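Hi there,

Here is the structure we talked about, with the sequence alongside. Have a look first, and then read on for what turned up.

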Amino acid sequence: MDSTFRRTPDIHLQDLIDGLLNGNRVFLSKAITLVESKRSDDRKLSAELIDRVIDSNEDSLRIGITGVPGVGKSTFIESFGKMLTSLGKKVAVLSVDPSSNRTKGSILGDKTRMDELSRDPNAFIRPSASGSSLGGVAHSTRETILLCEAAGFDVIIIETVGVGQSETVVKDMVDYFLLLMLAGGGDELQGIKRGIMEMADHILINKADKDNLKAAKQAKEDYKNAVHLFPPNEAEWVVPVGLCSALEKTGIKESWEEIEKYVSKTRSNGWFSENRKRQALKWFHERIHARLEDDFYSKPEIKEEIKKREKLISSQKISVRKAVDELFN
Ligand SMILES: Nc1nc2c(ncn2[C@@H]2O[C@H](COP(=O)(O)OP(=O)(O)OP(=O)(O)O)[C@@H](O)[C@H]2O)c(=O)[nH]1
Ligand SMILES: [Mg+2]
């Protein structure tokens, strides 16, 4: 972030907000960099910024997309995103990644896979925030969603690699959670846990093309049967199972039609706003926990006291209970 933002915050913050609300993507990028910053003066500005844009998201739609590495998430987002911009929508693409899993190669790969979308004036693609913890990345991604919405983006897509905890984190920040799968091999082989399938609002079997089409059709039937056995969800939504080819751009429009059905159903049965409300409350409590932890561990005297007690615990000279009690006294 340019340092003049810090020196005269009030004037520049207003410029930033104006630019953001006008949909200016340079200002959007700057605003995102600001909320990702860990500097304490930036934090104050970010808090003010977020506060000013908090209520501009009534009509937006937040879609999470997950699936094992290589399933075709980025390719799908390219085709799906282009289809949406052709309908006049403004699309923002963010990603949540446990950063250590992300190689330079796959980020470069994304640039080519989302080539058309990245050049589309109605699309905005922002690579994942680099953060030390998943919780920290999740927090800044949530604020980034708010900023994108303030800048007039109506569909926010969040890609996550389906390898573990990041799915739960993304599920908690989106209205709709789409799971991309591959035919053949069964769930175990794909490394997709049953729990993740149960989180999905939509299962889409990708690469349903060429020699793979027959297997994809079979997989569709199998997953349809599996979905029937899942516990009913609070949205009262029957999870659709579909086929698509992100590469050949088939099944893309159909998947959007399913999403529209979901939105209209959950907006009328109240789940859409109930879910957002619950997500916001969960986020609030997560931040309280994170803040308490940060404040506690960042005290220099605590660090020393912890070290001392680690030694005592290792040599069984003190109980964990007593060590903790002492630290809090
Ligand atoms: N045949 C076929 N290939 C596809 C399709 N979608 C993606 N691919 C190919 O699969 C490979 C992986 O695609 P990506 O879009 O990078 O997959 P990803 O899920 O984003 O991968 P990560 O970001 O590494 O987790 C690429 O070589 C794509 O060209 C499809 O619908 N059909
Ligand atoms: Mg990808």
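Buried residues account for 44% of the 329 residues in the chain, where buried means under 20% relative accessible area, exposed over 50%, and partly exposed in between (1.4 Å probe, protein chains only). Please keep in mind that this is a predicted model, in which local features need pLDDT of at least 70 and side-chain atom pairs count only at pLDDT 80 or more, while totals for chains, interfaces and linings use all residues. Residues are numbered from 1 along each chain as its sequence is written, chains are lettered from A and ligands numbered from 1 in the order in which they are written, and side-chain values use heavy atoms, with hydrogens and water left out.

The accessible surface of the chain is about 17,600 Å², and 53% of that belongs to carbon and sulfur atoms (Shrake-Rupley method with a 1.4 Å probe; for residues, only the protein chains shown count as cover). The chain has 16 helices and seven strands, taken as DSSP runs numbered from the N terminus (helices: H or I, at least four residues; strands: E, at least two). Of the contacts with a separation of 6 or more, 77% are between residues 24 or more positions apart; a contact means heavy atoms within 4.5 Å.

The magnesium ion (ligand 2) is coordinated by Ser74 (OG) and Glu159 (OE), at 2.1 to 2.5 Å. This pair links distant parts of the chain, with serine 74 in helix α5 (residues 73-86) and glutamate 159 in strand β4 (residues 155-160), 85 residues apart. Both serine 74 and glutamate 159 are buried. Donors here are N, O and S atoms within 2.8 Å of the metal (3.2 Å for Na, K and Ca), and water is not among the atoms, so sites may look incomplete.

Next comes strand β5 (residues 176-181), where six of the six residues are buried. Tyr176, Leu178 and Leu180 on one side are buried, as are Phe177, Leu179 and Met181 on the other, so both faces are covered. β5 pairs in the parallel sense with strand β1 (residues 61-66) over four bridges, and also with strand β6 (residues 202-205), parallel again and over four bridges. (Two strands pair if DSSP finds at least two bridges between them.) Phenylalanine 177 is the bridge partner of glycine 64, and leucine 180 stands opposite leucine 204 in β6.

Aspartate 172 sits in the loop between α9 (166-171) and β5. Is aspartate 172 buried or exposed? It counts as buried because its relative accessibility is 17%. Leaving out residues up to four places away in sequence, aspartate 172 touches Arg142, Gln279, Lys282 and Glu286.

Now for the largest nonpolar core, which has 83 residues; Leu49, Phe76, Phe80 and Leu147 touch the most other members. Helix α8 (residues 134-150) gives the largest share, seven residues, and the core draws at least three residues from each of domain 1 (1-53) and domain 2 (56-268). Such a core is a set of buried Ala, Val, Leu, Ile, Met, Phe, Trp, Tyr and Cys residues joined through side-chain atoms within 4.5 Å, and the domain bounds come from an automatic or database domain assignment. Beyond four places in sequence, leucine 49 touches residues including Leu13, Leu16, Ile17 and Leu147.

Lastly, glutamate 326 lies in helix α16 (residues 320-328) and is partly exposed, with a relative accessible area of 30%.

Best wishes
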